[in-house]
Amino acid sequence: MTVEFISYSGAKAGQPNAHMIASSGGRILLDCGSERRSPPGYLGEMERPDVLWISHAHGDHCGALLDLMEKWPKLVVMATKDTVELLRVALDGGRSASISARVDAVLRRIRRVPWRQFRSLPGVEGARIMAVEAGHIPGAAMAVLEIDDGGRTRRVLYTGDFCTHDQIVVKGAGVPVFEGGVDWVICEAMLANDKEADSLEYRKEADALRLAVEEAAGPVLIGVSSIGESAEVAALVGGTKKRVMVDEYLREVLEVSREALGEERWSKLTFGDRRRLKGHLSADGVVIAPGDQYRRKTAAAVLAEPLISDESATIVVLNRARKKTGAGRLLSARRGGLVDWQGRDVKLGASVIHRRLINHAPRWQLKGFLSGLGAEKTFLVHGTTGARWGLKRALKSDGFEGEVEVVEVGERW
Ligand SMILES: [Zn+2]
Ligand SMILES: [Zn+2]
């Protein structure tokens, strides 16, 4: 195959994604990484792409967009409509007016790719792209590339982050079926080795969270990641009888999912600034605030402080809770014991609830998805090296026939 694959960033877990597909017709960059956490100098090593595809509006996939546009001002950028809307929040994040103006200028130029219709890739001869729902977060899309390779069409699927189970707002990924199959798949593997995730049922976790919120007598605080998780949680607790107030900062994100949330749930959400959120908690209300791991200085961490010693309060931790974060500290303390909260010991009176609303594919989904596609070559990215080797072995022991590559940054295929 004269089509080439090279990964500039994002083979490992937590490393932002930037992968390139190159053919004689041109170069397509799949996500653009982030200057902060990608390998140092990766943008300097990159060959100039003709088109950049942004799979979804998470910083580890779109973080370097402004840097790229500065380096290559004529670069064509493509994404789904919802991704473009969420990119404003992902890239801007309440920063200065001059950054906002740059973000606006870049966003206006992005070409919107509709769902499930092929579009040509400007500047890449003989190639086209189609967006397929990826689950994960609103707007997230897999890219199907069709590239002319000396009279034969090569098909490459880039999953970005995905999951096949339905969440509340975002439906699960569709598995694209093509006559003649797919030649290459570039697949994320974030949860490939997460045994707990493999046995979780999204619905059960969501129901348990809803019940805990409904039964709480006192204030409830839910720290969420801004893009994706906030809409899911708003949909979930918006369906309870509780009065819910959402941090004003999240309004723009939730607007994108307004239709999916439905007018009834939407009308039950109120938005407020820090002062109003505090008041709402004092009146035993439910608050959704940004800060999924209750990291220092996030809205969720600030609002949590007075609740920690309050025995009537409930603090909800979702998904990841690394040890050193506020979430990790809350989870490792016993009720009645002490929590180390920003250098100060605070007695834990609140009940702390941990629920995982996963939005990546756990191993069983990865195996089913990849077996269904049956690609000649599968490139595993975006997961620890151990997890990706584990998935490769699991696929092989299931009799998977295609080649499976555990990608290293800088390698070429
Ligand atoms: Zn993501
Ligand atoms: Zn990611």
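Begin by selecting H58, which counts as buried at 18% relative accessibility (buried means under 20% relative accessible area, exposed over 50%, and partly exposed in between, with a 1.4 Å probe and protein chains only). The structure on display is a predicted model, in which local features need pLDDT of at least 70 and side-chain atom pairs count only at pLDDT 80 or more, while totals for chains, interfaces and linings use all residues. Residues are numbered from 1 along each chain as its sequence is written, chains are lettered from A and ligands numbered from 1 in the order in which they are written, and side-chain values use heavy atoms, with hydrogens and water left out.

**Stop 1: the zinc ion (ligand 1)**

Together, H56 (NE2), H58 (ND1), H136 (NE2) and D161 (OD) coordinate the zinc ion (ligand 1) at 2.1 to 2.3 Å. Donors here are N, O and S atoms within 2.8 Å of the metal (3.2 Å for Na, K and Ca); water is not among the atoms, so sites may look incomplete. H56 is buried, with a relative accessibility of 0%. Along the chain, the donors of this ion have the spacing H-x1-H-x77-H-x24-D.

The angles among the four donor atoms of the zinc ion (ligand 1) run from 90 to 165°, and the site is irregular. For that label, four donors count as tetrahedral if all angles lie between 85 and 135 degrees; four count as square planar and six as octahedral if opposite donors are over 155 degrees apart and all others between 65 and 115; anything else is irregular.

**Stop 2**

Helices (H or I, at least four residues) and strands (E, at least two) are DSSP runs, numbered from the N terminus. H61 and H382 are both buried.

**Stop 3: the two domains**

Colour residues 4-194 and 359-406 as domain 1, and 202-355 as domain 2; these bounds come from an automatic or database domain assignment. Taken over C-alpha atoms, the domain centres are 31 Å apart. In contact (heavy atoms within 4.5 Å) are 17 residues of domain 1 and 17 residues of domain 2.

Buried area is the accessible area (1.4 Å probe) that two parts lose on being put together, summed over both. Between domain 1 and domain 2 it is about 1,500 Å², with 68% on carbon and sulfur atoms. Select V89, I168 and V169, which supply 45% of the area that domain 1 buries against domain 2, more than any other three residues.

One salt bridge is counted between the domains, the term meaning a side-chain nitrogen of Lys or Arg within 4 Å of a carboxyl oxygen of Asp or Glu.

**Stop 4: salt bridges**

The whole structure holds 28 salt bridges. Show E252 and R88, whose side chains meet in one at 3.7 Å, N to O.

Move to R355 and E205, where the closest N and O atoms of the salt bridge are 3.2 Å apart. R355 lies in strand β19 (residues 351-355) and E205 in helix α7 (residues 202-215), so this pair ties together parts that are 150 residues apart in sequence. R355 is partly exposed at 26% relative accessible area, whereas E205 is buried at 11%.

Then select K367 and D398, a salt bridge with its closest N and O atoms 3.2 Å apart. A network of salt bridges that share partners joins E4, R27, E47 and R412.

**Stop 5: positive phi**

Most residues other than glycine have a negative phi. D284 has a phi near 60° and sits in the loop between α12 (274-282) and β15 (286-290). Finish at Q342, with a positive phi of about 50°, in the loop between β17 (338-341) and β18 (344-347).
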